[in-house]
Amino acid sequence: MSNLLPQSCLRQFARSSLRTGAASARPGSAFALPLRTQPFSTTSPTQSRKGSAPITIPPEVSLKFIDLPVVSVRGNAEEAPKVAIEVSGPLGKMTLKVPPFVNIEHDEALRKATLSVQDREIKHQRAMWGTMRSHLQNYVLGVSEGHICILSMVGVGYRATIESQATTVKSQFKGQKFVSLKVGYSHPIELPVPWGVKASTPQPTRILLESVNKEVVTQFAAEIREWRKPEPYKGKGIFVNGETIRLKAKKIR
């Protein structure tokens, strides 16, 4: 005789175990399993400390606080900026509007600037804390050293030139330059250089963008990249600041 149980006994045992497990999982059951409160990650949750990190002010950069005039705004008038910071340096001057719940302390002796918010428990203030700190850091670096974007063009026949005149677009201000791209289209591609941005081509396949404002120069670089985004099969396209792309395997039938 075999020592194995009949199949009918195995089915009955499986059904009874499933019923017992379902009953134990009910919230009102006396044998309910405790809910797992331990997260998947063993690392303790911590908040970013970027907003509270002090900003080093170079000796050639100066900060000036300006009171903004009171104007009527729609929506939440309590969050309308009342103070602005004028950041001046050897490369230019920029003004940053500060929300009323953000406080900036400038220690002229230590050449440090520290940001804080009124209530850290409010999610919006906590989010703007690090954002305003990054904006001020970019302004300080912009007026002292400047921001650059290097675009590399990879492809057969891809090249760019800087022109003083354009045939497809009109100039928005006097002395405006235009970036002319040849990236495989049948029509000319001419992009006007924004105000405050200096464009040059050290090589036919390289575009160098320089500006005091990081937001403007990176936005213009993104507009140029839109004409030929890097593709993953041949690795062709316009790459920004050492951007790389992982090549995919070609499908061979």
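Helices (H or I, at least four residues) and strands (E, at least two) are DSSP runs, numbered from the N terminus. The views below come from a predicted model, in which local features need pLDDT of at least 70, side-chain atom pairs count only at pLDDT 80 or more, and totals for chains, interfaces and linings use all residues. Residues are numbered from 1 along each chain as its sequence is written, and side-chain values use heavy atoms, leaving out hydrogens and water.

**View 1. Helix α3 from end to end.** Welcome to α3, which spans residues 214–225. Its twelve residues reach 16 Å from first C-alpha to last, close to the 16 Å expected at 1.5 Å a residue (the expected span is 1.5 Å times one less than the number of residues).

**View 2. The buried side of α3.** Look for Val217, Phe220, Ala221 and Ile224, which are buried (under 20% relative accessible area, with a 1.4 Å probe and protein chains only). They lie on the same side of α3 because they cover an arc of only 100° around the axis, taken from the directions from the helix axis to the C-beta atoms. Their cover includes β7 (147–154) and β13 (237–240).

**View 3. A sheet of three strands.** Here an open, antiparallel sheet runs in the order β1-β6-β5; strands pair if DSSP finds at least two bridges between them. The edge strands, β1 (55–56) and β5 (102–107), each pair on one side only. Two bridges join β1 to β6 (residues 112–117), and isoleucine 55 stands opposite alanine 113 in β6.

Definitions and conventions: Buried means under 20% relative accessible area, exposed over 50%, partly exposed in between (1.4 Å probe, protein chains only). Contact means heavy atoms within 4.5 Å.
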